[in-house]
Amino acid sequence: MTDVTKPSARQHETVQLAPSGERGRTTIAVGVVEKVAGMAAREVQGIHALGSGSRGFGAVRDRVPGNRPNVGKGVKAEVGERQAALDIDLVVEYGVPIAELATVVRKNVISSVERITGLQVVEVNIAVNDVHLPDEQDDDEPTESRVQ
C-alpha cells in the first residue's frame with residue numbers, strides 16, 4: 001500500500017539556485033583561446049603553417065634552446081566574458097582548394113574553441129598569406145651540409 005501524506009507548505013516552496021556565474025567567475029586568457037584555435041587549425045589537412053609568409057624569424061626563434069614552439073602563432077583572439085573572435089593567418093600547401101580549406105579550418109576552430117572553452121565564437125577571419133610549394137624548403141628544415 002502506498003503511503004499518502006498531505007503535502008506540507010514547505011513542499012510547494014521553490015528553491016531557486018543562483019546561476020553558476022553568480023557562484024564564482026571563470027576567466028579564460030587570450031593565450032589559451034589562441035592556442036586552442038592554433039591547434040585546431042593545424043589539425044586540418046592542407047595547412048602547412050600558421051603565421052605570415054615570412055617564416056625566417058620564427059624559425060630562428062624556434063631554434064633557441066629551451067624555447068618551446070608557439071602553438072598560438074598566427075592566431076589573434078579577442079576574448080570577452082562569453083564570446084570570442086579570432087583572426088588566423090595561414091600558409092597553405094600548393095594545390096589545396098583555398099576556399100574549401102578555409103571553410104574546414106573555420107568549422108574545426110569554432111568547434112574546438114566552443115567545446116574546450118565554453119565561449120561562443122562569433123567570427124573567425126582567415127587570411128591566407130602564402131602558399132608552400134612542393135620544392136620549397138622551409139627556413140626551419142635542415143639543409144644538407146656542404147662539408148663532410
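Predicted model: local features only at pLDDT ≥ 70, side-chain atom pairs only at ≥ 80, totals over all residues.
Colleague: What makes up the protein chain, and in which order do the elements run?

Modeller: The protein chain has 3 helices and 4 strands. From the N terminus on, the order is α-β-α-β-β-α-β.

Colleague: How do you know that β3 and β4 are paired, and in which sense do they run?

Modeller: Two strands count as paired if there are at least two bridges between them. Strand β3, residues 83–93, and strand β4, residues 120–132, share 11 bridges, so they meet that condition. The sense is parallel. One of the bridges sets D87 against N125 in β4.

Colleague: Which other residue is a bridge partner of D87?

Modeller: K76 has D87 as its bridge partner in β3.

Colleague: What makes β2 and β3 a pair, and what joins them in the chain?

Modeller: Strand β2, residues 75–79, is joined to β3 by 5 bridges, and the requirement is at least two, so the two strands pair. They run antiparallel. E78, for instance, stands opposite A85 in β3. The link in the chain is a hairpin through 3 residues.

Colleague: Why is β1 also called a partner of β3?

Modeller: Strand β1, residues 47–50, has 3 bridges to β3, and at least two are needed, so β1 and β3 pair. The two strands run antiparallel. I47 has V92 in β3 as its bridge partner.

Colleague: Which elements make a β-α-β unit, and what is its hand?

Modeller: The unit consists of β3, helix α3 (residues 98–117) and β4, and it is right-handed. The term applies because the path from the first strand over the helix to the second runs clockwise when the strands point away from the viewer.

Colleague: Where is G95, and why is it called exposed?

Modeller: G95 lies in the loop between β3 and α3. Its relative accessible area is 63%. Exposed means over 50%, so the label holds. G95 and H132 are 37 residues apart in sequence, and their C-alpha atoms are 9.4 Å apart.

Colleague: What makes I98 partly exposed?

Modeller: I98, found in helix α3, has a relative accessible area of 38%. The middle class runs between the 20% and 50% limits, so I98 is partly exposed. Leaving aside neighbours within four places in sequence, I98 is in contact with V92 and V128. I98 and V128 are 30 residues apart along the chain, with 8.1 Å between their C-alpha atoms.

Colleague: Why is N108 called partly exposed rather than buried?

Modeller: N108 is also placed in helix α3. Its relative accessibility is 22%, and buried means under 20%, so N108 falls into the class in between.

Colleague: What does N108 touch?

Modeller: Not counting residues up to four places away in sequence, N108 touches A40, E43 and V44. As for A41, its C-alpha atom is 6.8 Å from that of N108, although the two are 67 residues apart along the chain.

Colleague: Why does S112 count as buried?

Modeller: S112 lies in helix α3 and has a relative accessibility of 6%. That is under 20%, so S112 is buried. Beyond residues up to four places away in sequence, S112 touches V36 and A40.

Colleague: How much of the protein chain is buried, and what share of the contacts comes from residues 24 or more positions apart?

Modeller: Buried residues make up 26% of the 148 residues in the protein chain. Of the contacts with a separation of 6 or more, 75% come from residues 24 or more positions apart.

Colleague: How many residues line the second largest pocket, and which lie nearest its centre?

Modeller: The lining has 12 residues, of which T26, G80, E81, R82 and L119 lie nearest the centre. The volume of this pocket is about 250 Å³.

Definitions and conventions: Residues numbered from 1 in each chain as written. Heavy atoms only, no water. 1 Å grid on protein atoms, 1.4 Å probe; cavity = no way out; pocket = protein on both sides within 12 Å on 5 of 7 lines; lining within 4 Å. Points joined across faces, edges and corners; volume = space filled by probe spheres on them. Buried < 20%, exposed > 50% of the residue type's maximum accessible area, 1.4 Å probe, protein only. Contact = heavy atoms within 4.5 Å.
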